[in-house]
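Reader: I'm new to this one. Could you walk me through it, a feature at a time?

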Amino acid sequence: MGSGIWSTDVYAAAANYRAAKGTSAFAYSDSGARAVHDDLNPYGVAARESRDSAEHPATVAVAVLFDVTGSMGGVPRTLQTKLPDLLGLLLRKGYAADPQILFGAIGDATCDRAPLQIGQFESDNRMDEDLGKVLLEGGGGGQKSESYELAMYFMARHTTLDCFEKRGRRGYLFIIGDELPYPKVKRREVGKVIGDGLGRDVTTKEIVAELTRKYDVYYILPAGASYAGDRQVLTAWRELLGQNVLELDDLDAVCETIALTVGLGEDAISLDEGLSDLDDLGSPAGTAVGKALARLDRGTLVVTEGLDLGGDSGVVRL
């Protein structure tokens, strides 16, 4: 996985073909599927890998995991339609030389049939295909919590990144959601969904500490979600991720937000330069993106108080 080069022409041809046939970009889910697609099933997976190659010698891992429960079920459809914008900014604007993108979906392990779906890190149009295999279950437990912690466990312990292992540079992980994580990664759920035999539950704080050694982790709470602007949700995530909790006024701006966040993280652009790039592309997302990322562009992003997570988490609190 991870070979090949993204082509907007191929993406457009696939979209035109689907339109001509009257089929959906999410044909698997829309066909009435009720189980995780085999290609996205995390059970028994040793690792999803972002690897360098002669074709892509300086990979940058970018993982995007989205809540597909309740009001968040439209997120992957938005991502799918905006993929050319995301790749256009990352590649044509030079935000990252060799981005490899993984998509995944988060549900609720207490009640859903598909609590976790994880694709591969891809450099070409197979990332579009992975999105098309996502089961949009639309479940959730109605308890203001989803199994984000289970997804973070998988990303911490079942991904391998050359950008981190060879160059000491963390990848990027974006979690798009509107609810709380459960307080613990439950041993029983890990065994059932991923297949690992844990000796004990792991607290969510512990897994975040482990995860943020490998990834810059961002939580995006978009407008229109059930708990948009919810103080309890925002406070809980900020206790875990500090400044990296982004409120986004426009869900349609999510791909541009991800692209500019990567550009800022790679020191490829300033926020003003990124917003100028959006103007050049004719994107209407500038206002929402600028507001969401304003705190990331200050230079003095954080205070010195590290999270008490039992190690160097790489994240600090505002």
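Reader: Let's start with Glu-273: is Glu-273 buried, partly exposed or exposed?

Author: Buried means under 20% relative accessible area, exposed means over 50%, and partly exposed is in between (1.4 Å probe, protein chains only). Glu-273 has 44% relative accessibility, so Glu-273 counts as partly exposed. One caution: this is a predicted model, where local features need pLDDT of at least 70 and side-chain atom pairs count only at pLDDT 80 or more, while totals for chains, interfaces and linings use all residues. Residues are numbered from 1 along each chain as its sequence is written, and side-chain values use heavy atoms, with hydrogens and water left out.

Reader: Where is Glu-273 placed?

Author: Helices (H or I, at least four residues) and strands (E, at least two) are DSSP runs, numbered from the N terminus. Glu-273 belongs to helix H11, residues 271-280. Its C-alpha atom is separated by 9.8 Å from that of Gly-263, 10 residues apart along the chain.

Reader: And Thr-261, is Thr-261 buried or exposed?

Author: Thr-261 has a relative accessible area of 1%, so Thr-261 is buried. You'll find Thr-261 in helix H10, residues 254-265.

Reader: What does Thr-261 touch?

Author: Contact means heavy atoms within 4.5 Å. Leaving out residues up to four places away in sequence, Thr-261 touches Tyr-172, Phe-174, Tyr-218, Leu-246, Leu-293 and Leu-296.

Reader: How about contacts across the chain?

Author: Take the contacts between residues at least 6 apart in sequence: 78% of them join residues at least 24 apart.

Reader: How many helices and strands does the chain have?

Author: The chain has 12 helices and 12 strands. Of its 318 residues, 55% count as buried.

Reader: What about its radius of gyration?

Author: The radius of gyration is taken over C-alpha atoms, and the globule rule is 2.2 Å times the number of residues to the power 0.38. For 318 residues, a compact globule would come out near 20 Å; the chain has 18 Å, which agrees. Along the principal axes, the C-alpha atoms fill a box of roughly 50 × 50 × 40 Å.

Reader: Last one: which helix gives the largest share of the lining of the second largest pocket?

Author: On a 1 Å grid over the protein atoms alone, a pocket is an open set of points where a 1.4 Å probe fits, with protein on both sides within 12 Å along at least five of seven lines; lining residues have an atom within 4 Å of a point. Helix H7 (residues 187-193) gives the largest share here, three residues.
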